[in-house]
Amino acid sequence: MEVFTRWRSWDAARPGLEAAGVDAVRLEKAVDAARRWHGDQKRPTGVPYVEHLLEALEVLVRGAGVKDPVVLDAVLLHDVVEDTAATLADVEDAFGPEVAELVDWVTKPPTGGRGRQAKRAAKAAYLRRLRDAPREAVLVKLADRVSNVQELDRMPTDFQRRYHAETVAYILPLAEAEPWFAAWYASWRERFAHLR
């Protein structure tokens, strides 16, 4: 199972993007916006949040071979509405309606109720809704989840089991239509088979 952690900074990502024929100068606008909106936010592991966004970008470009600038902008911005003060209108103003639509598809709506059960029900509904998403939004979600699960063993055990089950139930079916992702998730599932 390949792990995508080479692009931990924009300086590390740029040469790989250029080698893949991606317009890094254009894409830097989305990187700058993501940095500004996410600010000093950290991942649960304590690393700067932008590393997650660059991992997801690396998955799409280096792994799946995606070069569509709208999809690449969206993967860098996929959490700004969910996790920052940025709105879909902000994303649309800066990046246009296509990018904003993809970000909207992969943004979890606010939880309708209180407590753990309400949160889990809302998340399950959101993940089920992705079955109706356009292919480009699905690519963003698949790359996002690769970044989140590729080093799942670094997370607490109870989280590992829950996130593994969620990935198998909702994400693997989305990956079936995308050969590269289907193969990657198959190897991931084998690597983490002990979490069944």
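This is a predicted model: local features need pLDDT of at least 70, side-chain atom pairs count only at pLDDT 80 or more; totals for chains, interfaces and linings use all residues.
**Notebook: pocket, rings and salt bridges**

I started with the largest pocket: 40 residues line it, and Lys108, Lys123, Asn148, Phe159 and Tyr163 lie nearest its centre. Two or more lining residues come from each of α3 (50-63), α5 (80-83), α8 (116-129), α9 (135-149) and α10 (157-175). Helix α8 gives the largest share, 8 residues. For the record, helices are DSSP runs of H or I with at least four residues, strands are E runs of at least two, and both are numbered from the N terminus.

Residues are numbered from 1 along each chain as its sequence is written, and side-chain values use heavy atoms, with hydrogens and water left out.

Next I looked up the pocket's volume, and about 1100 Å³ of space lies in it. A pocket here is an open set of points on a 1 Å grid over the protein atoms alone, where a 1.4 Å probe fits, with protein on both sides within 12 Å along at least five of seven lines; lining residues have an atom within 4 Å of a point. The volume is the space filled by probe spheres set on the points, which are joined across faces, edges and corners.

What is the lining of the largest pocket made of, by residue class? I get 14 nonpolar, 6 polar and 20 charged residues. The classes: Ala, Val, Leu, Ile, Met, Phe, Trp, Tyr, Cys and Pro are nonpolar, Asp, Glu, Lys and Arg charged, and the others, Gly among them, polar.

On to the rings. I find 7 aromatic pairs in the whole structure. Rings of Phe, Tyr and Trp (its six-membered ring) pair if their centres lie within 6.5 Å, with planes under 30 degrees apart called stacked, over 60 edge-to-face and the rest tilted. Phe159 and Tyr163 are a stacked pair, 4.8 Å centre to centre with 20 degrees between the planes. They sit 4 residues apart in α10, so about one helical turn separates them. Phe159 is partly exposed at 24% relative accessible area, whereas Tyr163 is buried at 10%; buried means under 20%, exposed over 50% and partly exposed in between (1.4 Å probe, protein chains only).

I also noted a cluster in which ring pairs link Phe4, Trp180, Phe181, Trp184, Tyr185, Trp188 and Phe192. Arg191 lies over the face of Phe192, 4.4 Å from the ring centre (CZ of Arg or NZ of Lys must be within 6 Å of that centre and within 35 degrees of the ring normal).

Last, salt bridges: the search gives 16, each a side-chain nitrogen of Lys or Arg within 4 Å of a carboxyl oxygen of Asp or Glu. Which parts does the pair of Arg62 and Glu2 tie together? Arg62 is in α3 and Glu2 in the segment before α1 (10-19), 60 residues apart in sequence. Their closest N and O atoms are 3.0 Å apart.

Arg26 and Asp73 meet at 2.9 Å, N to O. That pair links α2 (residues 24-38) with α4 (residues 69-77), 47 residues apart. Arg26 is partly exposed at 36%, but Asp73 is buried at 2%.
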